[in-house]
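Thanks for making time this morning. I would like to walk you through one model, so please have a look at it before I go on.

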Amino acid sequence: MKQISKYLAMMFLATLILTGCYKDVVSPESDPDGPPQSISFKEDLAPMLEKKCATSGCHVSGSHKPYMKADIAYGSLVNGGYVNTIVPKSSIIYQKIYGEMSEYMPLPADKRKVYDWIRNGAPNN
């Protein structure tokens with residue numbers, strides 16, 4: 001009887017220990033405020049902006065600002081006041097792509113790239 005009690009007590013303790021342990025994994029995709037991904041403006045954002053935003057009636061010369069042609073997009077965004085690296089969520093571009101204009105803006109993964117680029121300091125890389 002003592003042997004069975006000891007065995008049951010050990011099993012109970014082992015169950016408690018094993019169910020109390022877990023690995024907390026936060027992937028960049030699951031936590032929008034988790035660590036930012038490394039984003040290259042030249043390699044990741046400029047091609048996306050050129051393809052999806054610099055289209056007729058959208059962000060091209062003579063229409064909405066900022067202009068999204070790859071060769072001038074960086075200057076239009078950063079020098080035009082659309083990016084706030086200190087408080088990224090207060091950036092005009094962030095508010096536009098996640099807020100009032102979100103239905104016309106890039107896919108969620110592309111929006112995330114823009115947000116992470118801002119959080120990384122909006123480098124011209």
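Let me begin with lysine 111, which lies over the face of tyrosine 98, at 5.8 Å from the ring centre; a charge sits over a ring here if NZ of Lys or CZ of Arg is within 6 Å of the ring centre and within 35 degrees of the ring normal. This is a predicted model, in which local features need pLDDT of at least 70 and side-chain atom pairs count only at pLDDT 80 or more, while totals for chains, interfaces and linings use all residues. Residues are numbered from 1 along each chain as its sequence is written, and side-chain values use heavy atoms, with hydrogens and water left out.

Now to helix H2, residues 41-52, whose buried residues are Phe41, Leu45, Ala46, Met48 and Leu49. Seen down the axis of H2, these fall within an arc of 165 degrees (taken from the directions from the helix axis to the C-beta atoms), so they line one face of the helix. The face turned away from that buried side carries the exposed residues Glu43 and Lys51. Buried means under 20% relative accessible area, exposed over 50% and partly exposed in between, with a 1.4 Å probe and protein chains only; helices are DSSP runs of H or I, at least four residues, numbered from the N terminus.

Turning to the rings, a search of the whole structure finds five aromatic pairs, where ring centres must lie within 6.5 Å and planes under 30 degrees apart count as stacked, over 60 as edge-to-face and the rest as tilted. Phenylalanine 41 and tyrosine 74 form an edge-to-face pair, 5.3 Å centre to centre with 80 degrees between the planes. Phenylalanine 41 lies in helix H2 and tyrosine 74 in helix H3, so the pair ties together parts that are 33 residues apart in sequence.

How values were computed
Helices (H or I, at least four residues) and strands (E, at least two) are DSSP runs, numbered from the N terminus. Rings of Phe, Tyr and Trp (its six-membered ring) pair if their centres lie within 6.5 Å; planes under 30 degrees apart count as stacked, over 60 as edge-to-face and the rest as tilted.
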